[in-house]
Amino acid sequence: MVNPVLLIVIPLGLTFTIPLFGFISKKITKYIPILGMIFNLAAAITLIPRVLQAPIIISLGGFPAPFGINLMVDPLAVFLAVLIALVGLMISIYAVDYIKKGATQSYHMLYLLLLVGATGIVLTGDIFNLFVFFEILCISSYALVAYNQDKPGIEAGIKYLIQGTVGSGLILMGIALLYGYFGTLNMAHIAKHIHSITPLSAFLPLALLITGFGVEAAIIPLNAWLPDAHSSAPSSISAILSSIAIKMGVYSIMRIIFTLFGASSLLHFLLFIGLITLLVGELAAFRQNNIKRMLAYSSTGQIGLIIFAFGLASALGIKGALFQITSHALAKALLFLTVGYMIYRSGSMEIDSLAGMGKKLPVISLAFVIGVFSLIGFPPFVGFASKFLIVEATLVQHDLLLTILLGFVLLATVIECAYFLKVIQIIYFKESNKDPDQTRKNTSLAVLIPICILMVLVVGIGIYPEVLSKILNSAAGMLLDRGEYIRSVLP
Amino acid sequence: MIYYIGAIGLIIIGLYIVLTKRNLIKVIIGLDIFETGIFILLVCTGYIKGGTAPIFSKDKLNPSLMVDPIPQALVLTAIVIGVATLALALSLVIRLYRHYGTLDVRKIKELKW
């Protein structure tokens, strides 16, 4: 068995050897993130069968659970680690050819560091450790958003930084209060004793933590940074932010609500905030002229859908939410990568400038269409399976309120359909008014490989959704059963 | 108790500066005051009046007179993170000034919705 610590340590070590490799040859450095992610993907996949039997607890430094820092490797953690490594691998292959200008060495370091932060967040079982990994993720993404060093990039970077830092401050304040109450930082230990304080005093740290992580998760009143940051960053970074970074905020919120606090009274709040995020995100996406900004608002909407599904708090609902995380991560990464290449060819982010791409770049356009169809939820793509699961989970509860809310969710899907089909119409059926192909360049292999693999995954998992069924069931069960979590860390 | 009031006061002052000031440097100063307030809040949770460091150098040192060292370790980590954020923020502001020639947030609006 691979020790799960290596999932964090190996990429972290590789990150800081990148400058050393840079002395040998500048060209090697861009392959280091690929190396790290291949290791993570293989190691995380080999962990799956072990974790399905029982969660793995690793005590770092040899101190037993409530005293030392421990890693809590349960099915949910391993599943998300596999997803992070997979999407991270695809985007690092894409970046080999895409990132040419600027400080490429720093780009690859920061990119790998971002993935280390994300992997750490899902694996750790200590709340302060969670905060530290969260800051690693956030600080590297602030810097990467401003990577182009142009006017919009820097402006989006500073906006993201100010909002993100206030959010992190709130998280730290919540952790300080929790430590003041319980004198421990171990998540299982806090969860064990959380009912020994009054609900009112538990509410303050809960609210602080949710608000703080909500900034990164881009829940609706806290999402002002997201459209700017996602549209001004290089496309590979938009892809990783959209498919991994904001999911980490959602994951942390869910861990805190379900495992740490067991706050079942908050679930209706989650349903409503998810629905509002979904509707506002999709409506805002509808009126955008900038394609990346449209995709960014669509990410906000999808996060709303994920939070809505978590708010159902049934095993089926959480399974649907995790499935939706997967399908959105794959489809949105695919969309941002294809759109990034189209923008690189057309030189503009306006939707109208994509006219005629269907003839110029047939494979890329096909991948874009597959991504869009999956995001909207057409069968047989992966988005259909996940959205169907969420609809099913809502309807089996036989609750009038939920059924009405579901109506709004489906309305949001219709809006999503409207603006995405408009883009497809422009790509395929509108003649380009520019001169056709001033410079005919072949699409590089490093761009095509990740796009094709993501395309195959979107279709493949859509046709056989059962491949994920076992681990998702197990992960959903683990998230709902806090007693099991506490027992496995503190026997 | 007075320490908690002081810490919360610093947090509120910091947030007020972040929300109301127009100059980006002042906003960043506000962020730093906000963070400092949180650090003091965190240290307060482990403080005992008249307490000392938990080192068993003297005999007859009562455990109830030792301050909790964990919040101090946490604050050290958090200060390092804060320094990294501050350095990144200031370097971004320098870049921003080169592009726009101003630090007034009202005039920096390339990305309006």
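Begin by selecting A:Asp126, which caps the N-terminal end of H5(A): one of its side-chain oxygens lies 3.1 Å from the backbone nitrogen of A:Phe128. Helices here are DSSP runs of H or I with at least four residues, numbered from the N terminus. This is a predicted model, in which local features need pLDDT of at least 70 and side-chain atom pairs count only at pLDDT 80 or more, while totals for chains, interfaces and linings use all residues. Residues are numbered from 1 along each chain as its sequence is written, chains are lettered from A in the order in which they are written, and side-chain values use heavy atoms, with hydrogens and water left out.

**Helix H5 of chain A**

Of its 19 residues, 16 are buried (buried means under 20% relative accessible area, exposed over 50%, partly exposed in between, with a 1.4 Å probe and protein chains only).

**The interface of chains A and B**

Next, display both chains. The contact (heavy atoms within 4.5 Å) takes 35 residues from chain A and 35 residues from chain B. About 3,200 Å² is buried between chain A and chain B, and carbon and sulfur atoms give 79% of this area; buried area is the accessible area, with a 1.4 Å probe, that two parts lose on being put together, summed over both. In chain A, select A:Lys151, A:Glu155 and A:Tyr179, which lose the most area to chain B and together make up 19% of what that side buries.

Which elements give two or more residues to the side of chain A that touches chain B? They are helices H5 (127–145), H6 (151–182), H9 (225–232) and H12 (291–312) of chain A. H6(A) gives the most, with 19 residues. By type, this side of chain A divides into 22 nonpolar, six polar and seven charged residues. Here Ala, Val, Leu, Ile, Met, Phe, Trp, Tyr, Cys and Pro count as nonpolar, Asp, Glu, Lys and Arg as charged, and the others, Gly among them, as polar.

Between chain A and chain B the count is zero salt bridges (a side-chain nitrogen of Lys or Arg within 4 Å of a carboxyl oxygen of Asp or Glu).

**Salt bridges of chain A**

Over all chains, the structure holds eight salt bridges. Select A:Arg293 and A:Asp228, whose closest N and O atoms are 2.5 Å apart. The pair links distant parts of the chain, with A:Arg293 in helix H12 and A:Asp228 in helix H9, 65 residues apart. Both residues are buried.

Move to A:Lys387 and A:Glu416, a salt bridge with its closest N and O atoms 3.0 Å apart. A:Lys387 belongs to helix H16 (residues 382–395) and A:Glu416 to helix H17 (residues 400–429), 29 residues apart. Both A:Lys387 and A:Glu416 are buried.

In helix H20 (residues 482–489), A:Arg487 and A:Glu484 lie three residues apart, about one turn of the helix. Their closest N and O atoms are 3.6 Å apart. A:Arg487 is exposed at 51% relative accessibility, and A:Glu484 is partly exposed at 29%. Salt bridges that share partners also join A:Glu155, A:Lys159, A:Asp228 and A:Arg293 into one network.

Finally, select A:Ala85 in helix H3 (residues 75–98) of chain A, buried at 1% relative accessible area. Beyond its neighbours within four places in sequence, A:Ala85 contacts A:Met37, A:Asn40 and A:Leu41. In chain B, B:Thr102 is found in the segment after helix H3 (69–100) and counts as buried at 17% relative accessibility.

Technical notes: A polar contact is a pair of N or O atoms within 3.5 Å; within protein, one must be able to donate a hydrogen and the other to accept it, and residues adjacent in sequence count only if both atoms are side-chain atoms.
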